[in-house]
Amino acid sequence: MATAVTPPPKAPATSETPQAPARRRRTGVAPRRLPYLLIAPAALLMLGFIAYPVLSVFYYSLQHYNPTKPWRNGFAGFDNFTRIFTDDPHFWGTLTFSLKWVAVEVTLQLLFGLALALIVNQTFVGRAVGRALVFSPWAVSGVLTSAIWVLLYNSQTGITRYLADMGLGEYGTSWLSDTSTVFSAVVVADLWRGVPFFAILILADLQSVPKDLYEAAEVDGAGRIRQFAHITLPHLKDAIILSTLLRAVWEFNNVDLLYTLTGGGPAGETTTLPLYIANTSVDAHNFGYASALTTVAFVILLFCSMVYLRLSKFGGESK
Amino acid sequence: MIAQDDTTTAPPAPATAAGADAAPPTRTPPAPRRKRRRAWDEAPRWQIYLPLGIYLLFTLIPFYWIVLFAVRPAGSTSLLPWPMTTAHFEKVWTERAFATFFQNSLLIGLATLVTTTVVALAGGYALARFDFRIKKGFMLALLCSQFVPGALLLVPLFQIFANLSMINSLGSVIIAETVFQLPLSMILISGFIKNVPYSLEEAAWVDGCSRFAAFRIVVLPLLRPGLVAVGSFAFVHSWNHFLFALMFLSSQEKQTIPVGLNTLMGADSVDLGALAAGGVIAALPVVIVFAFIQKWLVTGFSAGAVKG
């Protein structure tokens with residue numbers, strides 16, 4: 001795979017064919033400069049629209065900055081940070097909810113996704129259609145997911161009404177506005193969309209398990225469960241670690257679904273840290289404080305990712 | 001299979017069952033093949049169909065629900081989509097301006113697809129084929145950018161676009177979507193390019209191709225599945241993405257489908273029929289794209305994407 005990463009041969013190397021070097025020079029770019037030229041557009045875009053905003057977040061985190069209260073703007077030192085940890089009624093609550101949300105979602109999505117991938121990796125009649133149908137919610141947006149589950153959870157015409165018709169539950173239950181049911185309700189909605197992500201990635205990786213390993217295991221008399229534990233799972237390890245990490249970061253950061261489905265309610269019950277930050281900066285215009293919160297979220301995210309990669313020994317034994 | 005075998009060898013039998021019985025010699029060849037099937041990919045059928053069926057219910061009922069609400073008349077509580085009406089669609093498409101939203105979303109999606117693919121292709125080629133001094137650092141930056149939440153950069157991004165006087169222009173959303181798609185797309189594409197042997201390109205140079213011509217003629221056709229995966233990824237993402245459009249596009253004629261859907265949900269008394277119809281409109285293009293690329297998606301990912 002990495003064999004191709006050799007520097008381009010210099011002109012003398014192919015001097016047996018007199019035409020080639022002359023032609024290549026016509027492109028007008030020395031091979032030495034070419035790679036920089038090629039990554040330039042991407043690098044510039046990322047510098048301008050990722051790196052610069054990140055730096056400005058760090059800068060503003062040390063400022064009092066609120067466009068609606070300009071008389072208070074100015075250098076703040078660590079005021080914003082002390083306020084977060086000592087004097088913010090929402091920070092710890094939203095952080096705890098974020099961690100709970102990420103842990104529950106990623107665990108369940110991984111388990112269901114793994115099971116699903118193993119099932120649709122079998123050969124059976126209708127496999128292509130089965131795969132397409134099972135994977136389809138992957139392509140559905142957070143907002144559309146919200147719209148769908150708003151319809152399903154609606155107290156008047158939602159699924160509860162039909163369940164009540166069949167004698168299950170009560171009429172007029174609204175799972176989204178009841179603090180005792182709202183968590184499971186949003187978890188299920190997000191699972192519906194999130195499981196296919198894992199299923200697709202794991203299925204892709206399953207294709208690359210060498211088939212003769214299973215044949216050898218078979219000869220040695222290993223059953224399907226032992227084949228799974230000793231061949232499939234070790235092979236999938238790196239893919240699982242990487243996809244859970246990416247997904248955890250994504251679930252932590254993504255606010256589409258919760259913003260549109262519950263708006264963080266009822267009573268702030270489903271407000272994640274990023275949602276709280278968005279509300280602080282967008283609705284309350286408190287950019288300085290929101291930037292400090294963002295910085296804290298960054299650090300937490302990076303720290304957790306490092307710990308996770310270290311604990312899981314990513315890329316360790318298999319290479 | 002059996003019926004086909006019979007028609008070639010046995011004379012036209014009156015009944016199919018009799019025909020199958022009457023031709024035992026033709027059925028012997030497939031038998032050893034069946035024996036050779038390996039048990040590891042032979043789970044009992046019910047262990048496949050039962051969990052798959054249950055999961056399909058979970059997947060499909062929500063889809064059915066939204067289609068049902070979109071086509072049945074207001075006030076109906078029937079669980080079957082009959083009698084059908086297009087009233088909700090007409091209302092959403094014209095009154096709620098989904099026609100405009102649809103155009104905007106499509107424009108943003110296609111533009112993001114093109115810019116992301118082109119820029120990522122250039123960068124991915126550099127990463128796959130050259131060793132250069134800042135390569136390691138650049139790769140690290142790509143990976144780190146995965147941790148940067150776009151949602152948390154809304155305010156500084158807003159300020160940047162305000163300085164460029166690009167607020168309320170589709171360009172701002174296209175740039176923002178492209179930027180956040182780029183890192184992953186580039187990593188994926190460089191993985192695909194690495195899978196194309198360098199010697200193929202070198203052979204084309206020897207034949208007198210310039211580097212670019214060699215890339216276009218030799219490498220590009222081989223990258224097709226990968227590019228389809230990356231491009232559709234970019235399209236689907238930007239079609240679905242909500243926050244950038246919500247923040248950067250203020251006037252109604254510039255807004256996108258997800259923003260329109262959110263407005264429908266946020267209304268004081270939600271018009272469920274309109275919401276469902278809007279949802280179906282939002283889902284259609286993505287579902288169609290997805291149906292086409294679904295197969296390529298899995299092969300595209302397995303072609304060395306994660307392994308790099």
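Modeller: With what counts as touching: two residues are in contact if their C-beta atoms, placed from the backbone, lie within 7 Å. Please keep in mind that this is a predicted model.

Colleague: Understood. How many residues of chain B are in contact with chain A?

Modeller: On the chain B side there are 86 residues, and they meet 88 residues of chain A. Helix α16 (residues 272-302) of chain B supplies the largest share of the chain B side, 15 residues.

Colleague: And what does that side have by class?

Modeller: The side of chain B that touches chain A has 64 nonpolar, 14 polar and 8 charged residues.

Colleague: Turning to the largest nonpolar core, which residues touch the most other members?

Modeller: They are A:Ala147, A:Leu151, A:Ala199, A:Ile202, B:Leu154 and B:Ala276, in a core of 152 residues. Helix α10 (residues 170-194) of chain B gives the most to this core, 14 residues.

Colleague: What is A:Ile202 in contact with, leaving aside neighbours within four places in sequence?

Modeller: A:Ile202 then has contacts with A:Gly113, A:Leu114, A:Ala117, A:Leu236 and A:Ala239.

Colleague: Another topic: how do the axes of α2 and α13 of chain A cross?

Modeller: The axes of helix α2 (residues 34-61) and helix α13 (residues 287-311), both of chain A, come within 7 Å and cross at roughly 115 degrees. The crossing of α2(A) and α13(A) is left-handed.

Colleague: Which residues meet there?

Modeller: From α2(A), A:Val57, A:Phe58, A:Tyr60 and A:Ser61 take part; among their partners in α13(A) are A:Phe287, A:Gly288 and A:Ser291. The contact of α2(A) with α13(A) divides into 5 nonpolar and 5 polar residues, with no charged ones.

Conventions. Residues numbered from 1 in each chain as written. Chains lettered and ligands numbered in written order. Predicted model: local features only at pLDDT ≥ 70, side-chain atom pairs only at ≥ 80, totals over all residues. Axes fitted to C-alpha atoms, helices over the stretch in contact; angles between N-to-C directions. Helix = DSSP H or I, 4+ residues; strand = E, 2+ residues; numbered from the N terminus. Left-handed = near helix turned anticlockwise from the far one by under 90°. Nonpolar A, V, L, I, M, F, W, Y, C, P; charged D, E, K, R; others polar. Core = buried A, V, L, I, M, F, W, Y, C linked by C-beta atoms within 7 Å. Buried ≥ 20, exposed ≤ 12 C-beta atoms within 10 Å, placed from the backbone.
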